[in-house]
Amino acid sequence: MPTQFSKFIDTSCKEFLHPWEDSCINATTGLGLHTLQESVKIYCTVYILAFLMKGKKPSKEDIKKTILGILQSTAFLAWNSLSYSMFICTIRHLLGGFTIWSVSFLPSFLSSLTAILIERPPRRTLLSLYVANVATESIFLMGLARNYYSSIPNGGTYIFATSIALLLYFFRSKTNKQDSIYGILRILVGRYEDPDYIKQSDSQSKLQTSSDSESSTKVNHISKKCNKKNLNIFMKSLEAYQKIIDQLKQRSKHSPCPHPHSCTHYVLKGGIKVLGYALSAQLVVKLFFQMKNLFKKPQLLKSAIFKKSNLNLAVFLGSFTGLYRLVSCLLRRSFNKDSSYYAIPAGLIAGLTFMAYSSNTIALYFMWKALQLLWNDLTEKKIVPEVKWFAIFFYSFSTAVLFHAAVLEPHNLRTSYWKFLYNISGGRIAVMSRIPLDQFGLESSRRLAEVLRKTNTTDKHTFKF
């Protein structure tokens, strides 16, 4: 059944939006109050974790800013939800019924537009990028369902590789790097690829060499001490490891390369270090979330640690770092100079390792972040005009797409976002009746039933108002 965009449905708010309550005001108030409670929980967790990660003792001013931030973000999310219901009912009373645009898209756009103005300006761009990430996936799935195009195998990998290449070029070519994405890139590719660090490479190289020399001296000292006590296997292994590292450091290093030791050492050390950190972090996170089950069944610990899928992220990140450094060093050797443009081919080739850990969420995040920084760069160069309210309208449009999908095409909405809407609304997003909306030709009621089964959610709820 084709989509009927011009269809006008003469149905009431109660039949569609709030079948559990006759009054629009009561239904809207109930949704707003529940969202308010959930918003407080969400933003208390977010702000407190962000504050703790700074690792400093809180001052009175810090505590005050944190509390005000929680209150402001809570007001933003609560109003976004409450005004969504309010705008649906208002537009319904003005039109006398529903069109495919007034069911969810237009009310959501208006509610998001008014809500984002409540949120702190520094968070607006972050929020717009997040919802754009999810909305892009929904738009793609909508087009796929309508046979506008077909899926491309490993499409996420190509998106990631292109995006990371552009981001790495900006990382290597710019000196003013305020965006948090540059911190992530610095961890991945290393500080020696940072032009700010390259300026100080000579002094840093001396310090590093001195530090490594001291480290080697310490190991030799320990070894000599233990020789008197019949050197054990551990110390022999440590000594052998140190010899291998020293040999790797002494291999050839081309003059344009900014790292202090050989290229071989630079490539291997970077890849193995990132792989180890990624594997450790993933295991810690996984064990943390499975802690409850592990206390009940300790025998599951072995299978949780040695699960094959635990390696995917670590292999991707370790391979990415090693391959990026390898290609960069080869280019520097080939052309006998260093250049920020080398980040593009190096990033494209290294980005192919994303196949080991394909994730649409990560690929789309890097895509939108690359587009954001590209637009900022073009704005700085006066090539394109600055659009001050772009983030606000972008957030509103993207959120409207997501709410349209949640109501009319829930099967085209990311599962995690459906659960977010389900929890934040107290299940009301599932209780909204899709039966009147089937006249639009999207089989919304059948699709809702599929999503409820898939996500283990239900439309059987009772509400006080």
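## How H5 and H17 cross

In this predicted model, helices H5 and H17 cross in a left-handed way. H5 covers residues 121-145 and H17 covers residues 390-408; their axes come within 8 Å and cross at roughly 40 degrees.

Sorted by class, the contact has 14 nonpolar, six polar and one charged residues.

## Rings that pair up

Searching the whole structure turns up 27 aromatic pairs. One of them is Trp-375 with Phe-390, a stacked pair with 6.4 Å from centre to centre and 15 degrees between the planes. Trp-375 sits in helix H16 (residues 360-380) and Phe-390 in H17, so this pair ties together parts 15 residues apart in sequence. Trp-375 is partly exposed at 37% relative accessible area, and Phe-390 is partly exposed too, at 47%.

Now for Tyr-417 and Phe-420: their ring centres are 5.6 Å apart and their planes meet at 45 degrees, so the pair is tilted. Both lie in helix H18 (residues 415-424), three residues apart, which is about one turn of the helix. Tyr-417 is buried, at 5%, whereas Phe-420 is partly exposed, at 30%.

## A cluster of rings

Which residues form one aromatic cluster? They are Phe-160, Phe-316, Phe-320, Tyr-324, Phe-354, Tyr-365 and Phe-366.

Note on methods: Residues are numbered from 1 along each chain as its sequence is written. This is a predicted model: local features need pLDDT of at least 70, side-chain atom pairs count only at pLDDT 80 or more; totals for chains, interfaces and linings use all residues. Side-chain values use heavy atoms; hydrogens and water are left out. Axes are lines fitted to C-alpha atoms, for helices over the stretch in contact, and angles run from 0 to 180 degrees between N-to-C directions. Helices (H or I, at least four residues) and strands (E, at least two) are DSSP runs, numbered from the N terminus. A crossing is left-handed if the near helix is turned anticlockwise from the far one by less than a right angle, and right-handed if clockwise. Ala, Val, Leu, Ile, Met, Phe, Trp, Tyr, Cys and Pro count as nonpolar, Asp, Glu, Lys and Arg as charged, and the others, Gly among them, as polar. Rings of Phe, Tyr and Trp (its six-membered ring) pair if their centres lie within 6.5 Å; planes under 30 degrees apart count as stacked, over 60 as edge-to-face and the rest as tilted. Buried means under 20% relative accessible area, exposed over 50%, partly exposed in between (1.4 Å probe, protein chains only).
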